[in-house]
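Please read it alongside the sequence and the model.

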Number of protein chains: 2
Amino acid sequence: MENQIFNLIREKKYTKLRSLLSEMNPADIAPIFDEIEQKELPVVFRILPKEFAAEIFVEMESDKQQLLIESFADAEIREVFEELFMDDAVDIIDEMPANVAKRILKQADAQTRKLINKLLAYPDDSAGSIMTTEYVNLKKDMTVEEAFNKIRTVGVDTELIYTCYVTDRSRRLLGLVTVKDLLLNQMDTVIADIMDENVIFSNTLDDKEQVAGQFEKYDLVALPVVDNENRLVGIITVDDAIDVIQEEATEDIEKMAAILPSDKPYFKTGVFSTFKARIPWLMLLMISATLTGAIISSFEEKLTLFPALIAFIPMLMDTAGNCGSQASVTVIRAISLGDIRFKDILRVIWKEIRVAFVCGLALVAVNALKLYVFDYLVMGSFDVGKQFLEIGIVCLTLFFTIHVAKIVGCTLPILAKKIGFDPAVMASPFITTTVDAISLSIYFSLAVLLLK
Amino acid sequence: MENQIFNLIREKKYTKLRSLLSEMNPADIAPIFDEIEQKELPVVFRILPKEFAAEIFVEMESDKQQLLIESFADAEIREVFEELFMDDAVDIIDEMPANVAKRILKQADAQTRKLINKLLAYPDDSAGSIMTTEYVNLKKDMTVEEAFNKIRTVGVDTELIYTCYVTDRSRRLLGLVTVKDLLLNQMDTVIADIMDENVIFSNTLDDKEQVAGQFEKYDLVALPVVDNENRLVGIITVDDAIDVIQEEATEDIEKMAAILPSDKPYFKTGVFSTFKARIPWLMLLMISATLTGAIISSFEEKLTLFPALIAFIPMLMDTAGNCGSQASVTVIRAISLGDIRFKDILRVIWKEIRVAFVCGLALVAVNALKLYVFDYLVMGSFDVGKQFLEIGIVCLTLFFTIHVAKIVGCTLPILAKKIGFDPAVMASPFITTTVDAISLSIYFSLAVLLLK
């Protein structure tokens, strides 16, 4: 399909190209348009019907959108942006360099420009930043018939017509009526009698992650947004809530891997931006490993006397790290899904202790078996008779550190959340460093105790 | 609110309780009902209007649903399940023990029972398992007026009435019409003239993750599902797609932390189930650390001669592990969001090499500075003059292993995906083990080379 389109462009067969594209979905065309050469893109764009072209435009990458806008005449810019929904228009303008944004805004009428500027001013993570201002607004003394007439008038330009919001004269939200309600009632029924007054709504400044959570909890398709005076200013549609859910999951995953979150796709982030997102935690964690280094240094003499102990350091550190990150990641995800709250902390710790106990028994048993069969019988690198104490130290350390790792791993994210930090930041790398230091201390203390 | 409800139950003030609950949303009542004592739950449940009670029932935890069903008379079971949408009913039956499921099925008429059994048979990760069978079905020779009449008749029992599907006599999908289209056209217009034939649809056996991706890509609210003969058998609604998106994100996160994915909330998973989900990777990773142990053992003599080198092992291993997991986690998420494909592998590696180069320079510089200022000047634990070579070895190893870690970290997930494995399984713990072995080999090789 992609190659066929490129061939038609090269051969300038625009009529055929247009009929081929008209059968496709804008979301499928956009990534193909992103690959078209700069000088051909505006030509191809112009052969399409305006509304269809605008739908493709919305889905394209922002650097290609910029190229297109720069090649457009003022009238074309106006035509394309008139077809867009307000939230999409604002998102696009937000990504443009100042001079391009200014040129777009110049094409809008004074009222629209004012509205766009207001929407641009909402903080990036707020409900206001993802809402659209087009919705069907009814009054409570309207009849069902009048409501249908209103929907027919504004319907074409509105993203979602199936939930209509009822407001009073100062635009305060009174209730909602769905088109389903309208269809199931007589034409002369008054809206006030059928509207649902228990409306779930959000405030323009609410956190957008929390708003997305409401879509999930209440199975919503749209959510009205009010300002601080309770006046209806817009709605959020479910497609934008889904985007927020995906973004937040990506952010959590990045934080768990000790990366500062970014909102751009992999190849859209430059080397230096990627570097800046990754270096702070790498630096901090490298420096904090000084502690582990100091613990080993203080034990240096003993280690040169019992060099067999050195070989187990990576196994002990890695197993403790893995145990800790399993616990922390499980708890972090459960916190963000709302399954774990601060009051559950003791229940969580108690569960992790029991899991650690069973995991500890299993791992120690397998480790002892491995030492006997592989290291002693097969490789002969270890003498079970003479190095009995060393085996004991390794197994005991393993057992204890698994408990410490699970407890630290499950506790830190809950505490972080309690004191207002992001639990995801407390994930594996941070816990690994903490648990490394504790497990080495246990290891060497046991060694000092038993290897007199 | 919660305590007020519990008090009203204890004082048996059911009229007041009913009016309080009727102002609330079922999704908010369900978690409170989950906490009500076993003997009081059926009583409270019975004071509510049937439809409202059923909406709460759907949102409750499955062990509480089971308790309720067991306390219900047959007639009550029938009443509650008649209020449910087909997909919710099937999900609930799927969670019940065999005898309870059988009792529920006995209350349904023969046709419904047959349909439920068919839905229960779809694989857990298929589109069929999350679809519902209630939708508005139109014929192409109907008029808009007839369509509205059809919607009014079936509308009440249908989850989503705003997208209607047009089928032929053998139920093959021909197109779709939205209520918006119906509202914007004359009453005598024929459906065939206004229906959209470019319908995005899925097959009952499609992977549900892929289906959820279509909702995201095309901004859908509903997606029709057809069987292998192209006959329309149901629709998937956006609320179920959102649940799939969240589940898949949780699964990816669990796999990245070396946990076998589970589909139950934290406290609903028993200690032994949690143990079973965590132990396989812990075991595998512990045993694979034998390799790192063997590398250290083979270098034991040299280490006892230059004991200062031991103290840097944790720092080198942790930094390499963190670098590797940053790269792998970024790439894994980009793969699941569709940003990276196999053909991009060289571009990815080239980007990671450049990031590794800049990160390497920064980390080596800070590490050298730390050694000089902290370990030499402040602590005196290191003699820069005498141990110049050791510093060189540590810094060179750091620089090289960062490159290896980033390259291994970004390559393994892409290769895993190519050969049909789950990229998420290639995440941090697996890569840590690989990178540990490589970084220790580099460290000791450099030491042997330079410390003659």
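**Notes on surface patches and charge pairs**

1. A nonpolar surface patch is formed by A:Leu369, A:Tyr372, A:Val373, A:Phe374, A:Tyr376, A:Leu377, A:Val378 and A:Met379, which together have about 770 Å² of accessible area. Patches consist of residues with over 30% relative accessible area and no salt bridge, like charges being joined within 9 Å and nonpolar side chains (Val, Leu, Ile, Met, Phe, Trp, Tyr) within 5 Å. Accessible areas come from the Shrake-Rupley method with a 1.4 Å probe, and for residues only the protein chains shown count as cover. A:Leu369 is found in helix α19 (residues 345–378) of chain A and is exposed, at a relative accessible area of 56%. Here buried means under 20% relative accessible area, exposed over 50%, and partly exposed in between (1.4 Å probe, protein chains only). Helices (H or I, at least four residues) and strands (E, at least two) are DSSP runs, numbered from the N terminus.

2. This is a predicted model, in which local features need pLDDT of at least 70 and side-chain atom pairs count only at pLDDT 80 or more, while totals for chains, interfaces and linings use all residues. Residues are numbered from 1 along each chain as its sequence is written, chains are lettered from A and ligands numbered from 1 in the order in which they are written, and side-chain values use heavy atoms, with hydrogens and water left out.

3. Negative charge gathers in a surface patch made of A:Glu51, A:Glu55, A:Glu59, A:Glu82, A:Glu83, A:Asp109, A:Asp157, A:Asp243 and B:Asp219. A:Glu83, in helix α7 of chain A, is partly exposed at 35% relative accessibility. Lys and Arg count as positive and Asp and Glu as negative, whereas His and the chain ends are not counted; the place of a charge is NZ of Lys, CZ of Arg, CG of Asp or CD of Glu.

4. A positive surface patch comprises B:Lys114, B:Lys118, B:Lys139 and B:Arg171. B:Lys139 lies in the loop between β1 (136–138) and α11 (144–154) of chain B.

5. Over all chains, the structure holds 34 salt bridges, a salt bridge being a side-chain nitrogen of Lys or Arg within 4 Å of a carboxyl oxygen of Asp or Glu. One of them joins A:Lys255 to A:Asp422, at 2.3 Å from N to O. Because A:Lys255 lies in helix α15 of chain A and A:Asp422 in the loop between α20 and α21 of chain A, this pair ties together parts 167 residues apart in sequence. A:Lys255 is buried at 14% relative accessibility, whereas A:Asp422 is partly exposed at 27%.

6. A:Met426, in the loop between α20 (388–418) and α21 of chain A, is buried at 16% relative accessibility. Residues up to four places away in sequence aside, A:Met426 touches A:Ser328, A:Ile332, A:Leu412, A:Pro413, A:Ala416 and A:Ile431. The C-alpha atoms of A:Met426 and A:Ile332 are separated by 8.4 Å, although the two residues are 94 residues apart along the chain.

Key: Contact means heavy atoms within 4.5 Å.
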